[in-house]
Amino acid sequence: MPISEDRRSAWWKEWFEKDYSWEGLADYWTFGYVGPDGTHNDGAERQNDRKRLLQDLWREIEPDLIDERDADGRVLRRWTRAHLPASFASGAPAKLAWSLDEWRAMEEELARFVARWRSAFDKVDLRGCVLRTLPASVFPEVRLDCRNCAFVDHVRPRLPTVACGVEAPDALFERELNLTDMRFEGELHFENAVFCSSAWFHGVRMTGRARFAQATFCTEASFRAFKAEVLYLGNTITGGNLYLDEAKVDDLVDLSSATIGGGLWAAGLTSRNFDLTAARLSGDVWAPAMRCERLWAGRLTADGRVNLAGTLGGGNLDLSGARIAGALDLSQADEAEPWFEKSSLEGLDCSGEADFRDRIFGVSTTFRSARFRGPVNFGGAVWPDGQPGRGVFRDCIFEKIVDFRGTTSVPFAAFDGISAKGEIRINRSEYLEYDSFRDQLRSHHGEDGLECLENGCRALKLSASAGQNRLTEQSFYRLELLARRVRPSTAPVERLASIIYQYTSDFGLSLTRPLAALAIIWLAFSMVYNATAWGRNTQHWASSLDFAGQQVFKPFSAWSDPSDCRRLGSLPVTSADTACKLLGGGEPAVELATRLLSSLQSIVSTSMLFLFALAIKRRFQIT
């Protein structure tokens with residue numbers, strides 16, 4: 001069953017249960033009192049006055065009541081002409097069988113009564129009436145209480161520029177309601193109303209609040225260029241689109257827990273607060289260039305895109321727990337404008353592309369536990385002083401590429417706990433600048449802060465590894481080791497090894513440092529070897545260099561062919577017997593010490609050659 005027919009049937013069923021027949025009107029109190037002589041007043045209760053019944057307002061037309069009869073002709077209930085339903089509960093036609101002249105006669109009668117009522121009262125109680133449309137002759141001049149009223153024709157009043165407010169909670173509008181370009185001095189109350197067709201409030205201006213909470217718009221509803229203090233649309237249901245383009249609401253637009261069967265169009269909306277908490281939309285949220293100090297959209301569910309590009313705030317943004325089936329656009333058109341001071345996208349689940357380009361993030365920003373199933377772009381985004389809080393992306397899952405190129409450098413601590421299944425693209429020149437990283441080391445104090453920094457570097461390293469970018473991977477590994485070195489819990493031996501690793505090879509990134517270290521080691525050990533020959537024969541610099549070179553390219557060669565070394569220098573000094581001359585001329589202690597020293601050189605030299613080969617592999621991406 002279509003939503004309009006379903007809601008219409010339910011509304012009429014409830015209306016009959018409330019009973020607005022002549023007898024049922026005696027069950028409802030209304031404003032004012034009735035004296036013993038039957039006179040009505042709105043002042044304070046006087047002696048012997050009783051509170052006025054709704055039936056009292058219609059007392060003078062009691063002789064003209066319309067009977068509802070059963071098949072046997074017995075009277076079931078009596079009705080005023082205003083309260084007579086469109087069809088009786090049995091299904092027999094009532095007002096549906098009226099001619100246009102009968103409708104007009106009832107409206108003229110109603111106008112006469114309202115004219116008398118408004119002379120004493122500032123509000124007319126039309127509760128439960130079944131009307132063709134709003135009576136134009138009285139509508140502008142007095143407030144109408146139309147709760148539980150049914151309007152069976154188009155409501156397009158031709159009214160002056162300024163009109164009083166309308167109270168129509170629980171009302172039924174079977175056809176179109178159109179209040180375009182009207183101005184109201186009072187409030188609009190349409191809570192729990194049912195609009196079976198389109199509802200148009202284009203250009204409506206009012207000084208008070210507009211209440212549509214729990215209303216049902218069976219097709220589309222439009223509040224374009226709507227101006228009010230507050231617009232309540234919480235828990236509403238629409239069968240089509242909801243339009244709020246260019247609306248200007250001073251305090252609050254409330255769409256919390258609304259169910260929108262189409263899309264939400266709110267381009268250029270201006271409001272101090274905009275509440276979309278737990279709203280459900282079958283279409284898109286199209287709200288670019290929106291202006292609101294606080295935007296609450298936690299647990300929002302959108303089956304389409306969410307476009308908030310150019311949205312300006314200054315207060316809070318809440319998208320925590322939102323579920324977005326399409327793309328999310330939170331890019332900023334004008335980077336000179338601020339974003340929200342505090343923004344939470346914790347637990348957000350976005351299936352499409354997410355765009356945060358040129359956004360200026362506030363001091364308190366979190367993406368914790370968010371999941372982005374499509375590409376994410378942070379290009380040109382600005383973080384406050386380059387220092388967002390630790391773990392901004394903790395437990396955040398990026399299933400595809402996430403692009404940080406062009407952003408102000410995001411501290412590595414922000415990536416603590418991130419899970420990047422795709423590649424994280426960054427500007428290496430900015431992220432891997434040592435001075436910038438050193439500043440981050442200073443700003444993160446204590447074990448916890450430095451651990452976050454280390455974990456963030458590791459997350460970026462793993463992402464580079466997944467993208468097979470070996471050079472970037474090693475660059476982040478370098479920063480990870482630097483962060484680990486300064487942690488209070490790091491053992492002194494590990495710190496020393498890290499320092500040696502850094503200065504001999506720049507953590508495996510430098511091609512020249514291992515070679516330079518190898519040359520220094522070669523020369524230094526040559527001097528030591530030459531010193532062992534002091535006081536014996538002459539100093540043999542050539543032999544010392546030759547022997548040191550053998551330990552580089554022929555590791556541990558000093559331990560081979562030891563018999564030649566015991567010939568006490570009987571052979572001439574040649575490359576073949578260099579070891580013999582330098583091993584101490586047959587002195588066992590000196591010979592052993594020299595061999596052990598040469599073994600140390602072999603180990604160190606081999607390590608430098610390994611680091612040189614590792615740097616070549618990483619630099620040229622050799623697998």
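Let's start with a pair of side chains: Glu-176 and Arg-156 meet in a salt bridge, N to O at 3.0 Å. By salt bridge I mean a side-chain nitrogen of Lys or Arg within 4 Å of a carboxyl oxygen of Asp or Glu. Glu-176 sits in the loop between strands 12 (172–173) and 13 (177–178), and Arg-156 in the loop between strands 9 (150–151) and 10 (162–163), so the pair ties together parts 20 residues apart in sequence. Glu-176 is buried at 15% relative accessibility. Arg-156 is partly exposed at 47%. The cut-offs: buried is under 20% relative accessible area, exposed is over 50%, partly exposed is in between, with a 1.4 Å probe and protein chains only. Helices (H or I, at least four residues) and strands (E, at least two) are DSSP runs, numbered from the N terminus.

A word on the source. This is a predicted model, where local features need pLDDT of at least 70, side-chain atom pairs count only at pLDDT 80 or more, and totals for chains, interfaces and linings use all residues. Residues are numbered from 1 along each chain as its sequence is written, and side-chain values use heavy atoms, with hydrogens and water left out.

The whole structure has 34 salt bridges. Another one joins Arg-458 to Glu-454, closest N and O atoms 2.8 Å apart. The two are four residues apart in helix 6, so about one helical turn separates them. Arg-458 is partly exposed at 27%. Glu-454 is buried at 1%. Salt bridges with shared partners link Glu-454, Arg-458, Lys-461, Glu-480, Arg-484, Arg-487 and Glu-494 into one network.

Where is Arg-487 found? In the loop between helix 7 (470–485) and helix 8 (492–505). Arg-487 is buried, at 11%. Its side chain makes a polar contact with the side chain of Glu-454 at 2.6 Å. A polar contact is a pair of N or O atoms within 3.5 Å; within protein, one must be able to donate a hydrogen and the other to accept it, and residues adjacent in sequence count only if both atoms are side-chain atoms.

Now the core. The largest nonpolar core has 141 residues, and Phe-378 and Phe-393 have the most contacts inside it. Such a core is a set of buried Ala, Val, Leu, Ile, Met, Phe, Trp, Tyr and Cys residues joined through side-chain atoms within 4.5 Å. Helix 6 (residues 446–466) gives the largest share, six residues. A second, separate core has 11 residues, including Phe-525 and Met-608.
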